[in-house]
Amino acid sequence: MTEDQKIKKLIEESFLTSEQKRFLVQYIDLKGIDMKFVSVFNQYLEEATENQDDKYELVLKKIKEAENTLDKRATTEKSRIEERLEQELSNIDPLDLKTKGRIWEEYYDTLDELGERYNRGLRDMLSKIIVSI
C-alpha cells in the first residue's frame with residue numbers, strides 16, 4: 001500500500017465529515033500531497049475540533065512542530081547542496097561547458113530528490129497526526 005493510499009484510508013476512518021473526506025481523497029488523487037492539501041486538512045481539523053479545545057491545540061502544535069522540523073531539514077540540506085554546487089563550479093575551467101552541464105544536471109537532480117523527500121516527509125507527518133487524532 002502506497003503512502004497516499006494509507007493516508008486516504010486514514011482519512012476515510014477519521015471523524016471528518018463525509019464531504020471533507022471526499023474532497024481530501026479526491027485532492028490526493030488529482031494533485032497528491034502538497035502544502036495546499038496540508039492547509040485544507042488543517043482547516044478541516046480546526047472545524048472538526050472546535051469543541052475539543054485541548055485536543056485541537058495539541059494537534060495544531062504537532063502540525064507546527066512537524067512542519068518546522070521538516071522545513072529546517074530541507075533548508076539545511078538545500079544550503080549544503082548549493083555550497084557543493086558553488087565549490088564544484090569554482091574548481092573547473094569556465095570554458096568547460098560539458099563539465100558545467102553535468103554539474104548543473106546533478107544539482108537539479110539532487111534538488112528533485114530533496115523535493116521528493118520533503119513530500120514523503122509531509123505524507124509521513126500527516127499519517128502520524130491522523131493516526132493520533
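The legends below describe close-up views of a predicted model.

**View A. Packing of helix H1 against helix H2 in the predicted model.** Helix H2 spans residues 18-31, and helix H1 covers residues 3-12. Their axes lie 9 Å apart and the packing angle is about 175°; because angles over 145 degrees count as roughly antiparallel, H1 and H2 are described as roughly antiparallel to each other. On the H1 side the contact is formed by Asp4, Ile7, Lys8, Ile11 and Glu12, which meet Lys21, Leu24, Val25, Ile28 and Asp29 of H2. Sorted by class, the residues of this contact comprise five nonpolar and five charged, with no polar residue.

View B. The side chain of Asp4 makes a polar contact with the side chain of Arg123, at 2.7 Å. When residues up to four places away in sequence are not counted, Asp4 touches Ile28 and Ile33 as well as Arg123; of these partners, Ile28 is also one of the H2 residues in the contact between H1 and H2.

**View C. Packing of helix H2 against helix H3.** Helix H3 comprises residues 35-48, and it packs on H2 at an angle of about 170°, with the two axes 11 Å apart. H2 and H3 are therefore roughly antiparallel to each other. Gln20, Phe23, Leu24, Tyr27 and Ile28 from H2 meet Lys36, Phe37, Val40, Phe41, Tyr44 and Glu47 from H3, a set that divides into eight nonpolar, one polar and two charged residues. Leu24 and Ile28, which take part here, also belong to the H2 side of the contact with H1.

**View D. The largest pocket of the model.** This pocket has a volume of about 160 Å³, and its lining consists of Lys62, Ala66, Thr69, Leu70, Arg73, Gly121, Asp124, Met125, Lys128 and Ile129. The elements that contribute two or more residues to the lining are helix H4 (53-90) and helix H5 (97-132). In terms of residue class, the lining holds four nonpolar, two polar and four charged residues.

Conventions. Residues are numbered from 1 along each chain as its sequence is written. This is a predicted model: local features need pLDDT of at least 70, side-chain atom pairs count only at pLDDT 80 or more; totals for chains, interfaces and linings use all residues. Side-chain values use heavy atoms; hydrogens and water are left out. On a 1 Å grid over the protein atoms alone, a cavity is a set of points where a 1.4 Å probe fits but cannot get out, and a pocket is an open set with protein on both sides within 12 Å along at least five of seven lines; lining residues have an atom within 4 Å of a point. Grid points are joined across faces, edges and corners, and a volume is the space filled by probe spheres set on the points. Helices (H or I, at least four residues) and strands (E, at least two) are DSSP runs, numbered from the N terminus. Ala, Val, Leu, Ile, Met, Phe, Trp, Tyr, Cys and Pro count as nonpolar, Asp, Glu, Lys and Arg as charged, and the others, Gly among them, as polar. A polar contact is a pair of N or O atoms within 3.5 Å; within protein, one must be able to donate a hydrogen and the other to accept it, and residues adjacent in sequence count only if both atoms are side-chain atoms. Contact means heavy atoms within 4.5 Å. Axes are lines fitted to C-alpha atoms, for helices over the stretch in contact, and angles run from 0 to 180 degrees between N-to-C directions. Angles under 35 degrees count as roughly parallel, over 145 as roughly antiparallel, 65 to 115 as roughly perpendicular and the rest as oblique.
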